[in-house]
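Please open the model in your viewer and keep the selection tool at hand. The tour goes from the whole chain to its parts, and then to the place where two chains meet.

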Amino acid sequence: MSMRITRRATLGAGLASFAVGGKALAAWPDRPITLIVPYPAGGGTDIVARTLAPLMERELRGSINVVNRAGGGGITGHEAIARAQPDGYTIGMITNDLSFYTHLGQSRLTHRDFAKIGQTNEIVGSVTVKADGPYRKLSDLLDAIKANPGRLRGTGAAPGVNWHVGFLGMMDALRLDPRSVIWVPAQGGTLGHQDVAAGGSEFSTSSLAEARALLEAQRVRTLALMGDARAEQFPDIPTLKEEVGIDWTFAVVHGMGGPRALPAEIRTRLGETLSKVHASDEFQSAMRQRTIRAVNRQPDAWEAILEQQLNTYGRLLREAGLARG
Amino acid sequence: MEALARAVGMIADPEVLLTILLSSVFGLVVGFIPGLTATMATALLVPFAMFLDPVSAIAAIVSATAMAIFAGDIPGTLLRLPGTPASAAYVDHSYRLAMAGRAGEVLGVNLVFSALGGILGTIVLVAAAPTLADYALNLSSFEFFWLAVLGLSCAVFVVGDNVAKGAAALLFGLLLATVGRDYTSGFPRFTFGEPDLLDGIPFVAALIGFFALPEIIRTMRAPDADGAKPVAQAARIFAGMGGAVLRWRWNFLRSGLLGTAVGALPGAGADTAAWTSYAVSRRMSKDPQAWSRDSVEGIVDATSANNAALSGAWIPALVFAIPGDTITAIAIAVLYLKNVTPGPSIFLENAHVLYAVFLAFFVANLLMIPLGWLAIRAAVPILRLPRKLLMAPLLLFACLGAYAVDNSLFGVGVMLACGLVGYWMEENGYPVGPAVLGMVMGRLVEEHLMTSLIKVQGDLTRFFERPVATALAVFTLLVWLWPLLRWLRRAAQRRTA
């Protein structure tokens, strides 16, 4: 107990002196930094965090502990990051799930509750069908949807979250009614693709990364990517724009953030460190291996994108009758 | 063949062997501590896996999880506190036998059949991975729905003597399973605005509460009651095991294969495997009276199945990168991290890595016998302590385990609440087993039912459209109607007589 008080006192003193002259910054980090991952170990967010942590440790000459705070669809962990002491010793991975919570009436948390350190990557959505099914091109699938309203089944996520919103946005851009497709809830993107391979649904909109093994096994076929460029691992798969001429893109976006009041000096130092290790071969090749697209957007650019998503996704969810807030 | 030789070379490396040994010890400790699951052991290994070569990294995960699933049986038998959820199905049974002075025998059964189950599962994995994975890939929500219903039907066999109270407990478990975000609409149910409940009641925390806390409360209220009788000589746990293996060989084969199959299904892991084979064991037993009174038959079945399921879960994981359980979900991530891409190509590009992983399974399961023996020897003296003294550290462990799940105090609250409810239930003759089973299976049944209903827009006849689904449906209905058919036949015989 006394240990704790001493620590807090030291910390207070540290913060005070730093407010005066920024002298203590030289000492940061003098104890381990906690990097909260709001999702379970082994998921996409977790992998990015666990790849980054040792690389950043080397640069910062301090230790970083990755802590999974899963539960509540990511709300619990995101809340823990937003409410942490803004002393630079608790930061976390944040995702664009923050663009859904308030519209779905689940939490008031949005990206505005966080200080951005930098975007790390994006996982691009897709339109994927059964390999030996009747759809060879995206237009085949779209024609079938138009010809049989209320018959075809799409899957890949629970309603109102990530890959479902990717689907809603695509239908909106194509001026098609999203209700003309039966949306089948899935417990995650991989299981969505698997349901397509098993013939349970006609198409899935979850990511290319999650489809990779099934693609290589020739059990599914990805008709289009929801990104602004082709994936280097699969150069033959066109983008939505190339296929049907719409500008809609959708990806799950990960990045590093901290509580809103994170001191600017610490934020800058973390951001610079992140950018540096992000460019390293180790990080880049780890991401390439998982078909994750490494993108290091700087805080302002990233924030602008999150703000725009918050509004767009809100409109899509309202139009689909899913918003309650 | 060349790949196999390379694989042997990779495993025989002293560094790899040392990794296996260390992670085995780690797995034993984690499995022994209630609340720390095999999944958590895997998660804790990830940072170390970053520094290991791919074979060592996977071998570490394989050995730690196999040991953890076995070690979960030790506190389950000695203290009625399942070390991992995979031991929950038969913890009551083991503890009752241990109280009757047979702790040594039960632990011996746990150890020997865990190791054998793991080996059987590995043989299936090696022999049939591509074929089985291919098959599993053709299953959709309709098939999963019937499988889940079949699993839920198993509850009939674990409700205990008072069917009405057992059914009430099961329904209570099913009610608890409805807490959380509605699967189909995303709408929160019974969460009272609490984000921690959005994913449902934290299962591991609830499990610890239901099983451990009532025992602690009871002991504290009647401090003079006897605990399990000390095992005279821990060294004798292997006595009679040769005979046991011969006697239960068919049970072992059936449950080992069933466990592997359950493990290979996405979403169902070692705990479901144990519940299912425990229930099947009761149904198929030639001597049902002895089964529920003093036989280890049910334990043999369940303890073989949960270790076999571990290997089974790797089948879809290696072939299609689809995790069979939460452990392989993490292992897949580690494989990617190590530049080994799981998928059909793994059999071509990385055959030597794959063989080395298979060898690691065998080594780990063989190593389980000596290490498990040591672990039991270390654990058994616990029984000589006065039980009252044990309860405080036990409560501490229970709190620690409940906290560790999501690193949150919420889990501790859930554990305490479930513990009080569980205590009340047991004091009034309601078994907690069916409630826990209801929590496990309720979610699966609901998910797959709702998914299937959405797919067919409510047309129930289409649940019988797919051949495999139809076969499973017919089988399920036969299981349900079996008592009725038997009764009809008996009635007919009586009439002719």
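A residue is called buried if 20 or more other C-beta atoms lie within 10 Å of its own, exposed if 12 or fewer do, and partly exposed in between, with the C-beta atoms placed from the backbone. By this count, 54% of the 325 residues of chain A are buried. This is a predicted model, in which local features need pLDDT of at least 70 and side-chain atom pairs count only at pLDDT 80 or more, while totals for chains, interfaces and linings use all residues. Residues are numbered from 1 along each chain as its sequence is written, and chains are lettered from A and ligands numbered from 1 in the order in which they are written.

**Select chain A**

The C-alpha atoms of chain A fill a box of roughly 70 × 45 × 35 Å along the principal axes. For 325 residues a compact globule would have a radius of gyration near 20 Å, and the 21 Å of chain A agrees with this; the radius is taken over C-alpha atoms, and the globule rule is 2.2 Å times the number of residues to the power 0.38. If you colour by secondary structure, chain A shows twelve helices and eleven strands, which are DSSP runs numbered from the N terminus (helices are H or I with at least four residues, strands are E with at least two).

Nine residues from domain 1 and eleven residues from domain 2 of chain A take part in their contact, where two residues are in contact if their C-beta atoms, placed from the backbone, lie within 7 Å.

**Select the sheet with strands S5 to S9**

In chain A, five strands form an open sheet with mixed pairing, in the order S7-S6-S8-S5-S9; two strands pair if DSSP finds at least two bridges between them. Which strands stand at the edges? They are S7 (182-184) and S9 (220-225) of chain A, and each has a single partner strand, so one side of each is left without a neighbour in the sheet. Strands S5 and S9 of chain A pair in the antiparallel sense over five bridges, and A:Lys130 stands opposite A:Val220 in S9(A). Six of the six residues of S9(A) are buried.

Now move to strands S6 (153-155) and S8 (203-204) of chain A, which pair in the parallel sense over two bridges; here A:Gly154 has A:Phe203 as its bridge partner in S8(A).

**Select helix H3**

Helix H3 of chain A, residues 75-82, has seven of its eight residues buried, so it is largely enclosed by the rest of the structure. Among the buried residues of H3(A) are A:Ile75, A:His78 and A:Glu79. The buried residues of H3(A) pack against several elements of chain A, including strand S1 (33-37), helix H4 (101-104) and strand S10 (251-259).

**Show chain B**

Finally, display both chains: their contact takes 45 residues from chain A and 40 residues from chain B. On the side of chain A that touches chain B, helix H7(A) gives the most, with five residues.
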